[in-house]
Amino acid sequence: MQQEAVLATEGPVLVLAGAGSGKTRVLTERIAHLIAGNGVSPHHILAFTFTNKAAQEMRERLDRSIPGTSGALWVGTFHKTGVWILRRHGSLIGIPAAFSIYDAADSLAAVKSILAHHGLEGAVLKSVHALRETISRWKSDLISPELAHERASDNMDKKIVLVYEEYEKALRRAKALDFDDLISRVVELFSAHPGVRDEYARRFRYVLVDEFQDTNPIQMMMIDALSSHTRNLFVVGDDDQSIYGWRGAKVEHILNFQTLYPGTKVIRLEQNYRSTKTILAAANELISCNRGRTGKNLWTDGPAGEKVKLLVSADEENDAPPGGRSAFPGIFAPRHRDSVPDQRTIALPRRGVQAGRHAVPDHRFRAVL
Ligand SMILES: Nc1ncnc2c1ncn2[C@@H]1O[C@H](COP(=O)(O)OP(=O)(O)O)[C@@H](O)[C@H]1O
Ligand SMILES: [Mg+2]
């Protein structure tokens, strides 16, 4: 199955796979195959990863199999790709070529100082973090301050919109873009200047996306635009691993991919190369509870391994088991106030070692393998 995913190079391909089934490996092998097997120039390949670290690992893996490729290839996060495009073409939509970038801390500080300046501390019933999240969500859903203003139904909403307006002004004054702008302004650029979009889309004949389940709508628009010329769009994801629902990630992107891109080839990878049989049985049981999934059954050729233990803990941060949570080989389920395990936060061990826990606010179970 992995081989099929590597070799199906043309047209839209959706690889659905569980954790540890070799998704990232397939994506990397596929790039190697495009270059070494099909003679595609690395210049025509664009790969999206979720972190800079993942991009770096992919480059290293590629350079090991085909020395010298990674320099010509574009592998990076959505943000990094956005910076690159906007530095080259952002001036077409009024972005200064030498724009600076507000990171998360800068954005938060900007919101804080706006609250202070307008005497709004305590007036909006949201923490600075929550306020910043709201603004970010609006931006990634392409809701302008004007639109947010129209939708504001009461005084409280209006105050929040005022903070949003002031925040946008502050960014402009500082000639800065925040993380959301790095993606949304690319989408704006492409819709205002289809010729520029086509220039990129013609260059990137092969577009690949890792961790596709975590993309938000605006990132999806960017992927769609960049792959619009050839539609050789290859995405790998796990609908049972979507943990960024709270950041606007849409598991529907996986569920609707085939409708969006007719003729999509769907490939499932269900063999796991990382965990024991017992752990996978527990994972299958857990993820079978998720709604809105395409269904999969993870399996392995590996040994049965030890039994999975369940740890219920009162306090996720302070009530670690002896030796620390990372030493606990089992499912970790922090107990909620009413002493029922809070099933929103649950994690399975990676090879018998606790891999860390992840909050899953939208009640999706995530098997971290
Ligand atoms: N066909 C295979 N044979 C042996 N090991 C594999 C195979 N595919 C993947 N692996 C190993 O399994 C682990 C998980 O692979 P990775 O690509 O990171 O999975 P995913 O991205 O799906 O979580 C890695 O250590 C990888 O080298
Ligand atoms: Mg991976």
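## A quick tour of the chain

The axes of helix H2 (residues 23–37) and helix H3 (residues 52–65) come within 10 Å and cross at roughly 40°. That angle puts H2 oblique to H3, since angles under 35 degrees count as roughly parallel, over 145 as roughly antiparallel, 65 to 115 as roughly perpendicular and the rest as oblique. This is a predicted model, where local features need pLDDT of at least 70, side-chain atom pairs count only at pLDDT 80 or more, and totals for chains, interfaces and linings use all residues. Residues are numbered from 1 along each chain as its sequence is written, while chains are lettered from A and ligands numbered from 1 in the order in which they are written.

**The chain overall**

- You'll find 14 helices and 10 strands in the chain; helices (H or I, at least four residues) and strands (E, at least two) are DSSP runs, numbered from the N terminus.
- Of the 369 residues in the chain, 38% are buried (20 or more other C-beta atoms within 10 Å of a residue's own; 12 or fewer is exposed, in between is partly exposed, and C-beta atoms are placed from the backbone).
- Take the contacts between residues at least 6 apart in sequence: 69% of them join residues at least 24 apart. A contact here means C-beta atoms, placed from the backbone, within 7 Å.

**Back to H2 and H3**

- On the H2 side, Thr28, Ile31 and Ala32 meet Met58, Arg61, Leu62 and Ser65 of H3.
- Sorted by type, the residues of this H2 and H3 contact are four nonpolar, two polar and one charged (Ala, Val, Leu, Ile, Met, Phe, Trp, Tyr, Cys and Pro count as nonpolar, Asp, Glu, Lys and Arg as charged, and the others, Gly among them, as polar).

**Around Pro12**

- Pro12 sits in the loop between helix H1 (2–7) and strand E1 (13–17).
- Pro12 counts as buried because 22 other C-beta atoms lie within 10 Å.
- Leaving aside neighbours within four places in sequence, Pro12 is in contact with Arg231, Leu233, Tyr261, Gly263 and Thr264.
- Pro12 and Pro262 are 250 residues apart in sequence, yet 8.1 Å apart in space, C-alpha to C-alpha.

**Two positive phi values**

- Most residues other than glycine have a negative phi.
- Glu211 has a positive phi, near 50°, and lies in the loop between strand E6 (206–209) and helix H11 (217–226).
- With 22 other C-beta atoms within 10 Å, Glu211 is buried.
- Arg231 also has a positive phi, near 60°, and its place is the loop between H11 and strand E7 (233–237).
- Arg231 is partly exposed, with 17 C-beta neighbours inside 10 Å.

Technical notes
Two residues are in contact if their C-beta atoms, placed from the backbone, lie within 7 Å. Axes are lines fitted to C-alpha atoms, for helices over the stretch in contact, and angles run from 0 to 180 degrees between N-to-C directions.
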